[in-house]
Amino acid sequence: MAESFDAVVVGCGIAGASTAFFLQAKGLKVLALERDKPAAGGTGLSAAIMRQHYSTPLMARLAHAAIRIFQSASELLGRDAGFRRAGYLFLVPPDALAAAQRNVAMQRELGIDTTLLDPAELAARMPWLNTDGVAGAAFEPDGGYTDPEVATEAFAVAFQEKGGELRTKTAARGLLRSGDRITGVLLDSGDVHANWVVNAAGPWAPPLAQSAGLAMQMRTVREQDSVWEARPGRPLPGHSISNAVDAIYLRPLGDRRFIVGRGFPKEYVDVDPYNYKRTADDAFVADVQQRMVLRFPTLDGARLVNAYAALYDVTLDWYQYVGPRAGVDGYADFCGGSGHGFKEAPAIARELADWLVEGKVRADFRQFSYDRVAANNLFVLSYGGNRG
Ligand SMILES: Cc1cc2nc3c(=O)[nH]c(=O)nc-3n(C[C@H](O)[C@H](O)[C@H](O)COP(=O)(O)OP(=O)(O)OC[C@H]3O[C@@H](n4cnc5c(N)ncnc54)[C@H](O)[C@@H]3O)c2cc1C
């Protein structure tokens, strides 16, 4: 006889692990499937910068809620989830100052602790920063960064401690469908039936959806990152930083090391998620080094430690696809992190669990459903928005 669960979650990155946890916490019998090991996808190589600086109340609210989830990990998950409250800085160019002021005002209304610093304050507080061309910076003391593998593991282990079952090295080969209902997943070992299947397979979510005739418009683009080690004895940035002036981001890694990557605007190159170049390009490393040293002269002479490429799963409007869809029962999406989806994933997972189990969904959250594509109701991208 086929196995049966209340819910099957496919994929154990941060989205799948946190969704499995919150569904199990509601008393469901949950199976989480991971074809490799937890955080094997984009999650494991994420810079995992934690910020609440978004341009819409929906995303700012979720990022704020997620930081509180990470901060309370010891009580919620019984262990540290790798979050470090190192502070977050968003460097603003002159043509974006008005938008940044609006965003900061909106974020403060949501209860987020954030302040817009002027260049003189920046120069006084951050001696490692070249403020030329910087019109201001939003600073959040509660932001910072997270160790993405520790976080995913924390949710996965807490999920299992609550009675959930995680099967690693186990791929979902396809969805089972009967009429208008998704009834489970197909494994190499046979069929598994479920009332709900959550597709949290990241860049590999589209083929899974399409196995049951469900459309999913998503790009997979290659994202490169580099790790640098500063010379000893220099003042170093302690915060995570999005630098919209030079289009780079930086986050501390400990031991004088920093992850540095390119931010928007930049070229996004589509790749095959099953076959892409995992090492970084020399041109990327040279470009990022030049931008890094220009803005952070204290990193002059820093040693390149590592450089690599991973995947962004990018939706039509750079917002995740989350929740059930009209016309098909028993199925929900949670994918399309679009290069910024680590930080808010646990907060999305919690609201997704409310939606699936209790039918409770906030009006703004409902727009996450893939139904927005057919309804031509995409989110609107604006400055300080979602692009990773
Ligand atoms: C280089 C880089 C830097 C980033 N920096 C940031 C940042 O600073 N801040 C931020 O918030 N976000 C950042 N992001 C984005 C963020 O990391 C991702 O949006 C998020 O981690 C995606 O998580 P996920 O669980 O949706 O997908 P993934 O981590 O890709 O997980 C999907 C999982 O599903 C598994 N899987 C796939 N198909 C199947 C199947 N058929 N059966 C079973 N398992 C399957 C995969 O093995 C994988 O483990 C970054 C991403 C990258 C790549």
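Student: Which residues of β5 point one way from the strand, which point the other way, and are they buried or exposed?

Tutor: Bear in mind throughout that this is a predicted model. From β5, the side chains of Tyr 88, Phe 90 and Val 92 point one way, while Leu 89 and Leu 91 point the other way, and all of them are buried. Strand β5 covers residues 88-92, and with five of its five residues buried it is described as mostly covered.

The strand has partners to consider as well. β5 is joined by five bridges to strand β7 (residues 136-140), and these two run antiparallel; within this pairing, Val 92 stands opposite Gly 136 of β7. Strand β14 (residues 240-243) is joined to β5 by four bridges, and here the two strands run parallel, with Ser 240 in β14 as the bridge partner of Tyr 88.

Stepping back to the whole chain, the protein has eleven helices and 19 strands. Its radius of gyration is 21 Å, close to the 21 Å that the globule rule gives for 388 residues, so the protein is as compact as a globular protein of that length. Along the principal axes, its C-alpha atoms fill a box of roughly 70 × 40 × 40 Å. Buried residues make up 51% of the 388 residues, and among contacts with a separation of 6 or more, 74% are between residues 24 or more positions apart.

The domain assignment gives domain 1 (3-47 + 149-216 + 317-374) and domain 2 (97-142 + 219-314). Taken over C-alpha atoms, the centres of domain 1 and domain 2 are separated by 30 Å, and the contact takes 13 residues from domain 1 and 14 residues from domain 2. On the side of domain 1 that touches domain 2, the residues divide into seven nonpolar, six polar and no charged.

Finally, there is the ligand, which is surrounded by 41 residues, the closest being Gly 11, Gly 13, Gly 41, Gly 202 and Gly 337. The shell around the ligand draws at least three residues from each of domain 1 and domain 2, and by class it has 22 nonpolar, 13 polar and six charged residues. At least two residues of that shell are supplied by each of α1 (14-25), β13 (219-229) and β17 (303-314).

Notes
Residues are numbered from 1 along each chain as its sequence is written. This is a predicted model: local features need pLDDT of at least 70, side-chain atom pairs count only at pLDDT 80 or more; totals for chains, interfaces and linings use all residues. A residue is near a molecule or strand if its C-beta atom, placed from the backbone, lies within 6 Å of it. Ala, Val, Leu, Ile, Met, Phe, Trp, Tyr, Cys and Pro count as nonpolar, Asp, Glu, Lys and Arg as charged, and the others, Gly among them, as polar. Domain bounds come from an automatic or database domain assignment. Two residues are in contact if their C-beta atoms, placed from the backbone, lie within 7 Å. The radius of gyration is taken over C-alpha atoms; the globule rule is 2.2 Å times the number of residues to the power 0.38. A residue is buried if 20 or more other C-beta atoms lie within 10 Å of its own, exposed if 12 or fewer, and partly exposed in between; C-beta atoms are placed from the backbone. Two strands pair if DSSP finds at least two bridges between them.
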